[in-house]
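Please view the model first, then read on.

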Amino acid sequence: MEFVEVREGSARILVPKAERIYDAPVFYNPVMALNRDVSVLAVSVIKPERVLDALSATGIRGIRYALETPAGEVWLNDISEDAFRLILKNARRNLGVEGEMLGERRFVFRGEKTVVANHDDANRLMAEKFRYFDFLDLDPFGSPVEFLDTALRSVKRRGVLAVTATDTGVLCGAYRQACRRKYLAEPIRGELCHEAGLRILIGTVVRYAAKYDLGVEVLLAYYRDHYFRAFLRLRSGAKKADRSVSMLGYLMQEASGRFEYETGFLPERVPSHGPLWLGPLKEQEFVEEMLTLTKEKALAHKKTLSFLETLAEELDLPFHYDTHALARRNGLQVGKLADVIDALRETGYRATRTHFSPTAIKTDAPFDAVIEAIKSL
Ligand code: SAM
C-alpha cells in the first residue's frame, strides 16, 4: 500500500494513495473533516473519560479525540486487517509512545492517554465491553442500524452515543422499502426529506433505546454533505424512555406544501410519514459551548465555524418551508430569502435560515402567513 500524509486538526496521518476515495483499501474522506471537527468539539464539551471510535478506518477520528479532547482512554476499532495495521502506524506517529500487544487483536499505547487499537467486528467488541464507554461513536458506511443494539449496551446508561448515517437515499425516501426494512419507518420525498430523514434516524435510536429503559436527549443533530449526524445523551430509567417515546410522531404534507405533524404512537391519518422524532434537534447551551471552544481548537475544515453558527442561530422547531418549493407548488414568484424572513418578523413571527437548505426558513408562522410573506415581496 502506498501512503500520503494528511494533516487534520492536530493529527498527521497516513492515508492510502488512491484515485477515488472508495477505491482505497482503507477509507479516508477529507470532506468528513467537518464531521470530525464538530465531533472533536462535542467530545470536548462532553468530557467523557472512555471513548470508542467503533469503525475507525485510518484511526483519524479516534486519534483526534486522543490529541484534541480531554478523553483519557480512547479505543480505535476496525474489522479490516489493513485498517488495523494503519491505525497502529498512525497511532504510533501521533502519540509518540510505544506499547504492547494484548492477545492477537489488541494493542495498547500507554502514555499521557491510554489508546487501544483493536482488530475486531465492532459488534463483538461492544458486546465484550458492556456499559464501558462514556462516549461511543458509530461512523459506518451507510446505515448504523446493525450496530445500534450492541452500542446501546456498550455505552454507559448516562453516556453519549454519536451516530452518522450516510444512507440518505434510504432515509430520504429514494429507497422506500429499504427505509421500511432498516428503520421501520415511512419516509417522505420532496423538500422535507432531509429533516424527516434525520428525525427518522433519531426516532429509530429512541425506539431501540426504549427497550433498555433508556431515554434519549438530542445534544445536536444535523444534515450535511449527504450524511446525517446525531449526538444523543442517554438517560436512565423507564420514565425517561417513556418521555422520549412520547416525542415520536408523524408528518403529513399536502400538495401545496402545507405540513402538519402530531405526536402519537400510531398515526391517526393516512398518508403520514414516520414514526419520527418531533423533539428538539439541539441543546442551545451545548452548541454555544462548542462555538466558544472553536476559538482554542485547530479546526480542519474551513466551513466548520460558519456551519456551527448557522446551527446555533437556527430556530429549533419541527420542519421548515423551502421558499422555492412553495413557489413552485403554488405558482408564485419568490424573492430573496432574507426578505421573506424580514416580512415574517415584521408581522410578529419568529423566522430564521436553516442548515437543511439554503432556500428554506424555519418559522413559527402558519403556512398561510408564509405564503402571504412570499406574495408580499
Ligand atoms: N470513522 C472513519 C473516519 O472518520 O474516517 C471512517 C469509517 S469508514 C466510513 C467505516 C469503517 O468501518 C471501514 O474502515 C470498515 O472497514 C469498518 N467496518 C465495517 N464493518 C465493520 C464491523 N462490523 N466492525 C468493525 N469495523 C467495520
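**Confidence.** The model is predicted. Its chain averages a pLDDT of 97, and 100% of the residues score at least 70. The scores for the model are ipTM 0.99 and pTM 0.98. Where pLDDT is low, predicted coordinates should not be read in detail.

**Domains.** The domain assignment divides the chain into domain 1 (3–303) and domain 2 (320–375). Between the C-alpha centres of domain 1 and domain 2 there are 32 Å. Ten residues from domain 1 and nine residues from domain 2 take part in the contact. On the side of domain 1 that touches domain 2, helix H8 (193–210) and strand S10 (214–224) each supply at least two residues. By type, the residues on that side of domain 1 are three nonpolar, four polar and three charged.

**Ligand shell.** Which residues come nearest to the ligand? Of the 20 residues around the ligand, these are Leu55, Ala57, Ile79, Ala122 and Asp139. Helix H2 (60–68) and strand S4 (73–78) each give the shell at least two residues. The shell around the ligand holds eleven nonpolar, four polar and five charged residues.

Strands of a sheet pair through backbone hydrogen bonds, either parallel or antiparallel. Here an open sheet of three strands is ordered S15-S17-S16, and the pairing is antiparallel. Strand S15 (321–322) and strand S16 (351–354) each have a single partner strand and stand at the edges, so one side of each has no neighbour in the sheet. S16 and strand S17 (residues 357–363) run antiparallel and are joined by four bridges. Ala351 has Thr363 in S17 as its bridge partner.

**Gly99.** Strand S5 (residues 99–101) contains Gly99. Is Gly99 buried, exposed or partly exposed? Gly99 has 18 other C-beta atoms within 10 Å. A residue is buried at 20 or more and exposed at 12 or fewer, so Gly99 counts as partly exposed. Not counting residues up to four places away in sequence, Gly99 touches Phe107, Val108, Phe109 and Arg110. Gly99 and His320 are 221 residues apart along the chain, and their C-alpha atoms are separated by 51 Å.

Methods:
Residues numbered from 1 in each chain as written. Predicted model: local features only at pLDDT ≥ 70, side-chain atom pairs only at ≥ 80, totals over all residues. Near = placed C-beta within 6 Å. Nonpolar A, V, L, I, M, F, W, Y, C, P; charged D, E, K, R; others polar. Pairing = 2+ DSSP bridges. pLDDT = per-residue confidence, 0-100. Domains from an automatic or database assignment. Contact = placed C-beta atoms within 7 Å.
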